[in-house]
Amino acid sequence: MSEYVLEIRDLSICFYSGRKEIPAVENLSFNLSRGETLGIVGESGSGKTVTSLSIMKLIPNPPGKITGGEMFFGSLDLLKVDEDTIRQIRGNNISMIFQEPMTSLNPVYTIGEQLSEVFCTHQKLSKKEAMKKSLDMLKQVKIPLAEKRMKQYPHELSGGMRQRVMIAMALACMPEILIADEPTTALDVTIQSQILHLIREMKEKMNTAVILITHNMGVVAEMADNVMVMYCGRALEYADVRTLFKEPKHPYTIGLLNSIPRIKGGRKKLYAIKGSVPVPGEITAGCRFNSRCEYVFEKCLVEEPPIFEVGKSKVRCWKYEGKGVTV
């Protein structure tokens, strides 16, 4: 048995607009171990959500298409299995908490009806048994007055409550992999903390591997074991969370960490990475980050760097040519 619950090799995803091919993710590779939390960070448009949707085989086609790579869940290549197989895996073995719970929950069905459907579909339980298990799950995610909530509709619940329902649905079948895509977006700070604590608690109880997608470096520091930094569809740096925060290597990672507001120290202008994320497909030569990098030199403009292994980090940057081993 592989030590990894998920292995992704050279994943590439494109979107098509007329005859134009727009790359969203290119040659992305990473592994996920059992019980690990992998944080994927980067600005909007870096390919984080598209990567997670590809794991669930939810890329809309058209206009999107997975154009290359391998994605192994155990011995299964998810990119080659038929739709019936992936439907059984999705929600049962691999689950996802989507960004916005209000649009992810069906407004015309009660919470109990939507949650019980997971058990009816994947575990073939009767309606009565599914409702009982649904009530237990709501209690596990610490929703007060769970019996009452079962009969309510999504619009009758607060944002934090809806997010807890989404977590209950995602964890209902005790999946091996949980993908959490910006699970605390638009929630206030106290609710954010509760949701993150809940995900960690459920993960430890079920030994579930978690892919945590976020742009919040504070959330990454609190939750992740390892971190992958994405930019323009590429992985620019990969390291364990302690190494990444203590010894960031890539200029983009350094910029992200410098952008975090500090409580200590005197007042000073908040650091910002100059420029903005390029339009997908705009940079056709050189490093993807070259238009915004403070350390850019001639080679960065004409040739894309490979991944160098430097200490405990893997980094895609010409600064480390000769200082690390090419992966």
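pLDDT is the predictor's confidence in each residue, on a scale from 0 to 100. This is a predicted model, in which local features need pLDDT of at least 70 and side-chain atom pairs count only at pLDDT 80 or more, while totals for chains, interfaces and linings use all residues. Residues are numbered from 1 along each chain as its sequence is written, and side-chain values use heavy atoms, with hydrogens and water left out. Helices (H or I, at least four residues) and strands (E, at least two) are DSSP runs, numbered from the N terminus.

**Confidence**

- The chain has an average pLDDT of 90, and 98% of the residues score at least 70.
- Confidence in the chain is lowest in helix α3 (residues 101–104), with a mean of 74, and highest in strand β9 (residues 226–231), at 97.
- Where pLDDT is low, the predicted coordinates should not be read in detail.

- Two packed helices are described by the angle between their axes and the distance between the axes.
- Axes here are lines fitted to C-alpha atoms, for helices over the stretch in contact, and angles run from 0 to 180 degrees between N-to-C directions.
- Helix α4 (residues 111–122) packs with helix α7 (residues 159–171) at an angle of about 20°, and their axes are 9 Å apart.
- That angle makes α4 roughly parallel to α7; angles under 35 degrees count as roughly parallel, over 145 as roughly antiparallel, 65 to 115 as roughly perpendicular and the rest as oblique.
- The crossing of α4 past α7 is right-handed; a crossing is right-handed if the near helix is turned clockwise from the far one by less than a right angle, and left-handed if anticlockwise.
- Ile111, Gln114, Leu115 and Val118 of α4 make the contact with Val165, Ala168 and Met169 of α7, where contact means heavy atoms within 4.5 Å.
- By class, this contact of α4 with α7 has six nonpolar, one polar and no charged residues.
- In these classes, Ala, Val, Leu, Ile, Met, Phe, Trp, Tyr, Cys and Pro count as nonpolar, Asp, Glu, Lys and Arg as charged, and the others, Gly among them, as polar.

**Helix α7 against helix α8**

- α7 also packs with helix α8 (residues 189–206), at an angle of about 15° and with the axes 10 Å apart.
- That makes α7 roughly parallel to α8, and the two cross in a right-handed way.
- On the α7 side are Gly160, Gln163, Arg164, Ile167 and Leu171, which meet Ile191, Gln194, Ile195, Leu198, Ile199, Met202 and Met206 of α8.
- The contact of α7 with α8 has eight nonpolar, three polar and one charged residues by class.

**Helix α4 against helix α5**

- The axes of α4 and helix α5 (residues 127–140) cross at roughly 110° and come within 8 Å.
- α4 and α5 are therefore roughly perpendicular to each other, and their crossing is right-handed.
- From α4, the contact includes Ile111, Leu115 and Phe119, and from α5 it includes Ala130, Met131 and Met137.
- By class, the contact of α4 with α5 has eight nonpolar, three polar and three charged residues.

**Backbone features in loops**

- A cis peptide bond joins Asn61 and Pro62, with omega about -5°.
- Another cis peptide bond joins Pro62 and Pro63, with omega about 10°.
- Pro62 lies in the loop between α1 (48–55) and β4 (64–73), and Pro63 is placed in the loop between α1 and β4.
- Met174, in the loop between α7 and β7 (177–181), has a phi near 50°, a positive value in a residue other than glycine.
- Met174 counts as exposed at 56% relative accessibility; buried means under 20% relative accessible area, exposed over 50%, and partly exposed in between (1.4 Å probe, protein chains only).
- Asn207, in the loop between α8 and β8 (209–214), has a positive phi near 55° and is exposed, with a relative accessible area of 51%.

**Buried positions**

- Asn31 is found in strand β2 (residues 20–33) and counts as buried at 18% relative accessibility.
- Not counting residues up to four places away in sequence, Asn31 touches Tyr4, Leu6, Glu7, Ile8, Arg9, Glu36 and Tyr238.
- Helix α11 (residues 251–258) is mostly covered, with six of its eight residues buried.
- Those buried in α11 are Pro251, Tyr252, Thr253, Gly255, Leu256 and Leu257, and what covers them includes α9 (217–223), β9, β10 (234–240) and α10 (241–246).
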